[in-house]
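Subject: Structure handover and notes

Dear colleague,

Please find below the structure that I am passing on to you, followed by my notes on it. I would be grateful if you read the notes with the coordinates open beside them.

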Amino acid sequence: MTGRFALVYNPRSRRNMGDTSTYAQTARALLGSSFIDPADRSRLDAHVAELAACAMDCIVIDGGDGTVSDVLSAVHRHYAPDRLPAIAVLPSGNTNLIAGDVGFGLRGTPALERLQQLALSDRLRRNVRRRCGLVVQWPDSDGRPPVVGMFHGAAAFTRGIELAHQPAILNNYSHEMAVIVSFLSSVARLLTRRSRQEWMQGDPMTVLPGQTARLDGNCFLFLSTTLQRLPYRIWPFWTGRGMRDDAINFLHVAGNPVRLAAAAWALLRGRQPAWLRHSPDYSSGCEDRIEMLLHSDFVLDGEVFSPGAAGRIILSATAPIDFIHA
């Protein structure tokens, strides 16, 4: 179906809920059955299965990171790795981290008009950014399907996301501000001795990267992503950036790390001074596969997951995906 696209529209995304234009109605009239407004995730999976069956070559996602993750997970289940559809991300959610790197660049009616132009001229893949999805698997859990996203975090990152999801914060701030408020709340917790000890010691975790040395003991912070750019020029990784678009960048910070304030200040500015790169408390790498043993929850694209009773998950990369840019 060259020259066509389907649109997955999440009406519950923050920016779509406040949209009073005729964009959604126009898109539905234009696309017909290729306009997908799923009532729940199980229906979304069925819709994507139908798109795969009819070889739909482009899927437009109008929503936030959670919606992107749901679609990528369904694509991973139903499309062959060598026939993945192109993806266009229209940022409309509480979190739009993915769109900051591989977003279409437009949303609403302007995006729909531009997509029509590209489809009619058979140029939907004219301008793309190629990235892999980040697959999370539970190998010891029979029947639990893998999920696919693009940004994963554990330990202190999970605590921070749980703070951001509290109704007192989430219902009163945009997500970007919620993250800032949560960060300040986290800092405040570090000011009390009891909370500081609990947060700083981290969570028991074993990380088994494919090419990097095994990491054992408590972990204060773990991050991994298949994205190549984060907001505000933040880039807390110092191995592999810009070299490969088919691997996972990761950061591991050991429990009770030395010079945490100085490290955070440097990484938030996208800098990795020599002392940080050579410190045993801070490890970064670029891997095809990462096995993790942990018993605390982790986060994928803003959603909190349990590692399951076995406490074992595997991170891997999908085949490269073409993300369309306007």
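The side chain of Ser73 makes a polar contact with the backbone nitrogen of Val148 at 2.8 Å, where a polar contact is a pair of N or O atoms within 3.5 Å, of which, within protein, one must be able to donate a hydrogen and the other to accept it, with residues adjacent in sequence counted only if both atoms are side-chain atoms. This is a predicted model, in which local features need pLDDT of at least 70 and side-chain atom pairs count only at pLDDT 80 or more, while totals for chains, interfaces and linings use all residues. Residues are numbered from 1 along each chain as its sequence is written, and side-chain values use heavy atoms, with hydrogens and water left out.

Ser73 belongs to helix H4, the helices (H or I, at least four residues) and strands (E, at least two) being DSSP runs numbered from the N terminus. Ser73 is buried, with a relative accessible area of 5%; here buried means under 20% relative accessible area, exposed over 50%, and partly exposed in between, with a 1.4 Å probe and protein chains only. Leaving aside neighbours within four places in sequence, Ser73 is in contact (heavy atoms within 4.5 Å) with Val147 and Val148.

Val147 leads on to the strands. Strand E6 (residues 134-137) and strand E7 (residues 147-149) run antiparallel and are joined by three bridges, two strands being taken as paired if DSSP finds at least two bridges between them. Within this pair, Val136 stands opposite Val147 in E7. E6 also pairs with strand E16 (residues 312-317), again in the antiparallel sense, over four bridges, and there Leu134 stands opposite Ala317.

A further antiparallel pair is formed by strand E11 (residues 248-254) and E12, over six bridges, with Val253 opposite Tyr282 in E12. Strand E12 (residues 282-287) is mostly covered, since six of its six residues are buried: Tyr282, Ser284 and Cys286 lie on one side, and Ser283, Gly285 and Glu287 on the other. Phe250, in strand E11, is buried with a relative accessible area of 0%, and although Phe250 and Ser284 are 34 residues apart in sequence, their C-alpha atoms are 5.5 Å apart in space.

Which residues touch the most other members of the largest nonpolar core? They are Ile59, Tyr79, Ile87 and Leu251, out of 45 residues, a nonpolar core being a set of buried Ala, Val, Leu, Ile, Met, Phe, Trp, Tyr and Cys residues joined through side-chain atoms within 4.5 Å. The largest share of this core, five residues, comes from helix H4 (residues 65-78). Not counting residues up to four places away in sequence, Leu251 touches, among others, Phe222, Pro236, Trp238, Leu267, Ser283 and Ser284.

Two helices were compared with their expected span, which is 1.5 Å times one less than the number of residues. The 13 residues of helix H6 (residues 108-120) should span 18 Å, and the end C-alpha atoms are 19 Å apart, which agrees. Gly108, Ala111, Leu112, Arg114, Leu115, Leu118 and Ala119 are buried in H6. Seen down the axis of H6, these buried residues fall within an arc of 165°, so they line one face of the helix, the arc being that of the directions from the helix axis to the C-beta atoms. Their cover includes helix H2 (23-31), strand E3 (58-63) and strand E4 (86-91). After H6 comes Asp122, whose phi is positive, near 55°.

For helix H3 (residues 41-53), the 13 residues should likewise span 18 Å, and the end C-alpha atoms are 18 Å apart, which agrees. Its buried residues are Leu44, His47, Val48, Leu51 and Ala52. These residues cover an arc of only 145° around the axis, which puts them on the same side of H3, whereas Ser42 and Ala53, on the other side, are exposed. The buried residues of H3 are covered by elements including strand E1 (6-9), strand E2 (35-36), E3 and H4. H3 is followed by Ala55, with a positive phi near 60°.

Finally, Gly100, in helix H5 (residues 97-102), is partly exposed, with a relative accessible area of 37%.

With best regards
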